[in-house]
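Dear colleague,

I am handing over the structure below, and would be grateful if you could look through it with the notes that come after it.

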Amino acid sequence: ETTELLEPYLNLDKYFNAKVARSSGSKALGGLCTWVEAMRDYHNASKIVKPKMAALEIKTERLRIAEQELAEAEAKLQEALDFLEGLKKDLKAQLDVKERLRENANRTRRKMEQANRLINGLGEERIRWKKDADGFAVEKKQLIGDVALACSFISYCGPFNSQFREMLLNQYFTQDLETKEIPFRKNLDIMSMLVDEPTKGQWSLEGLPSDSLSIQNAIMVTRSSRYPLLIDPQGQALKWIKNKEPEMESRNCILTLTNPNLKDYLKAPLSEGWAVLIEGIENEVDPLLDPVLEKQVFKKGKRYLLKLGDAECDWEPTFMLYMTSRLANPHFSPELAAKTTIIDFTVTQGGLEQQLLGIVISKEQRSLEETLKQLMEDVTKNTKTMQDLNQQLLERLSSSQTSLLDDVELIEVLAK
């Protein structure tokens with residue numbers, strides 16, 4: 001109010017002026033004028049600042065309230081976020097549980113399917129296994145006599161024809177077992193005991209005649225621990241051996257006793273374990289072969305050696321020696337018979353009839369012969385596959401360390 005009353009005077013710059021007051025000689029009057037002007041300026045400024053200060057206080061209070069509301073909202077938001085995070089964790093846990101349940105359901109379904117396959121597969125084998133199990137106890141008791149008969153057959157029956165072989169088996173050998181009270185199977189089929197059907201089929205495909213005498217001879221060739229000496233006037237054994245060991249020709253392992261370099265030709269097969277065929281044996285064998293026939297092998301360091309003539313050469317256990325003679329009635333010495341397994345491959349009347357029948361069919365009904373050959377190949381292959389699968393099945397059953405339902409390979413073998 002005072003400032004407003006003084007305002008008309010203060011606007012008189014000519015009279016109300018600090019400089020004028022000082023020039024009149026009064027410093028106090030000049031200071032008073034300056035103070036009054038300052039108070040006027042303060043009053044004018046306060047009229048502008050005070051509303052703004054009041055507005056500032058209002059805005060500040062509103063800001064405080066807004067910040068408080070913001071903090072409360074952020075707290076609620078954080079609470080909501082924490083709740084959401086908890087829900088996410090619960091959702092993940094539930095999804096994990098769901099996934100585990102799905103995996104367990106799938107695993108259970110697979111186990112159920114495998115159990116059904118296992119039950120079906122084992123059910124099909126149950127009858128055959130039960131029959132085999134019932135016969136094992138009896139076979140176990142008779143095994144000693146059966147093995148004795150088989151060993152006697154391989155060791156002594158080779159030089160004889162089919163009639164003498166039957167007489168030796170059914171009279172001399174069996175009577176000797178009965179005298180010693182050794183149990184054995186009556187009417188034992190030596191061929192079924194010593195060779196399986198797939199092997200017979202393989203021999204037939206290699207050119208071996210399918211008559212019983214030829215199969216017996218092949219058993220002696222492959223089962224005897226001594227090297228075979230084959231009486232082969234018709235050359236059937238020679239043909240079969242060459243087909244059975246096709247690598248001999250490419251390796252120059254088909255020799256004769258008259259070969260001047262026989263010793264040199266034998267060194268590589270002996271050290272590499274190859275098969276060798278010596279043709280044209282007559283009544284005697286070169287003494288050079290005695291260490292080979294008698295398998296006079298000795299060990300020097302880590303090597304197995306055999307003395308051939310005046311030289312030592314390496315020896316591999318896979319080495320095989322075949323000898324054939326074209327003589328129909330050779331006179332081999334007892335010493336040679338003790339060193340080798342003499343086997344008579346002379347064609348018999350029954351074998352000749354079967355071979356001639358095959359030739360007639362191949363000429364007259366070639367399609368039937370080809371069909372028969374194909375069927376024999378298929379039967380041989382299928383029988384071999386069945387035996388391999390059966391062997392795998394028994395091995396898996398005996399060696400399985402986990403649950404049978406988890407053994408996928410076992411289930412696959414049963415499925416096959």
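This is a predicted model: local features need pLDDT of at least 70, side-chain atom pairs count only at pLDDT 80 or more; totals for chains, interfaces and linings use all residues.

Residues are numbered from 1 along each chain as its sequence is written, and side-chain values use heavy atoms, with hydrogens and water left out.

The protein has 15 helices and 8 strands, where helices (H or I, at least four residues) and strands (E, at least two) are DSSP runs numbered from the N terminus. Of the 416 residues, 28% are buried; buried stands for under 20% relative accessible area, exposed for over 50%, and partly exposed for what lies in between, with a 1.4 Å probe and protein chains only. If one takes the contacts (heavy atoms within 4.5 Å) between residues at least 6 apart in sequence, 66% of them join residues at least 24 apart.

As for the helix pair, helix H4 (residues 162-179) packs against helix H7 (residues 212-223) at an angle of about 65°, and their axes are 11 Å apart. The axes are lines fitted to C-alpha atoms, for helices over the stretch in contact, and the angles run from 0 to 180 degrees between N-to-C directions. H4 and H7 are therefore roughly perpendicular to each other, on a scale where angles under 35 degrees count as roughly parallel, over 145 as roughly antiparallel, 65 to 115 as roughly perpendicular and the rest as oblique. The crossing of H4 and H7 is left-handed, a term used if the near helix is turned anticlockwise from the far one by less than a right angle, with right-handed used if clockwise. On the H4 side the contact is made by Ser162, Arg165 and Glu166, which meet Leu213, Gln216, Asn217 and Met220 of H7. These contact residues divide into 2 nonpolar, 3 polar and 2 charged, with Ala, Val, Leu, Ile, Met, Phe, Trp, Tyr, Cys and Pro counted as nonpolar, Asp, Glu, Lys and Arg as charged, and the others, Gly among them, as polar.

Turning to the aromatic side chains, rings of Phe, Tyr and Trp (its six-membered ring) pair if their centres lie within 6.5 Å, and planes under 30 degrees apart count as stacked, over 60 as edge-to-face and the rest as tilted. By this rule the count comes to 5 aromatic pairs. One of them joins Trp203 and Trp240, whose ring centres are 6.1 Å apart and whose planes stand at 80°, so the pair is edge-to-face. Since Trp203 lies in helix H6 (residues 197-205) and Trp240 in helix H8 (residues 236-244), the pair ties together parts that are 37 residues apart in sequence. Both Trp203 and Trp240 are buried.

Another pair is that of Tyr227 and Phe319, with ring centres 5.8 Å apart and planes at 85°, so this pair is edge-to-face as well. The pair links distant parts of the chain, 92 residues apart, with Tyr227 in the loop between H7 and strand S1 (228-231) and Phe319 in the loop between strand S6 (311-314) and strand S7 (320-325). Tyr227 counts as buried at 3% relative accessibility, and Phe319 counts as buried at 4%.

Asp146, found in helix H3 (residues 27-156), counts as buried at 2% relative accessibility, and, not counting residues up to four places away in sequence, Asp146 touches Phe184, Arg185, Leu188 and Met193. Tyr322 lies in strand S7 and is buried, with a relative accessible area of 2%; the C-alpha atoms of Tyr322 and Ala275 are separated by 7.6 Å, although the two residues are 47 residues apart along the chain.

Finally, most residues other than glycine have a negative phi. Glu181, in the loop between H4 and helix H5 (190-194), has a positive phi near 60° and counts as exposed at 71% relative accessibility. Asn252, in the loop between helix H9 (247-250) and strand S2 (254-256), also has a positive phi, near 60°.
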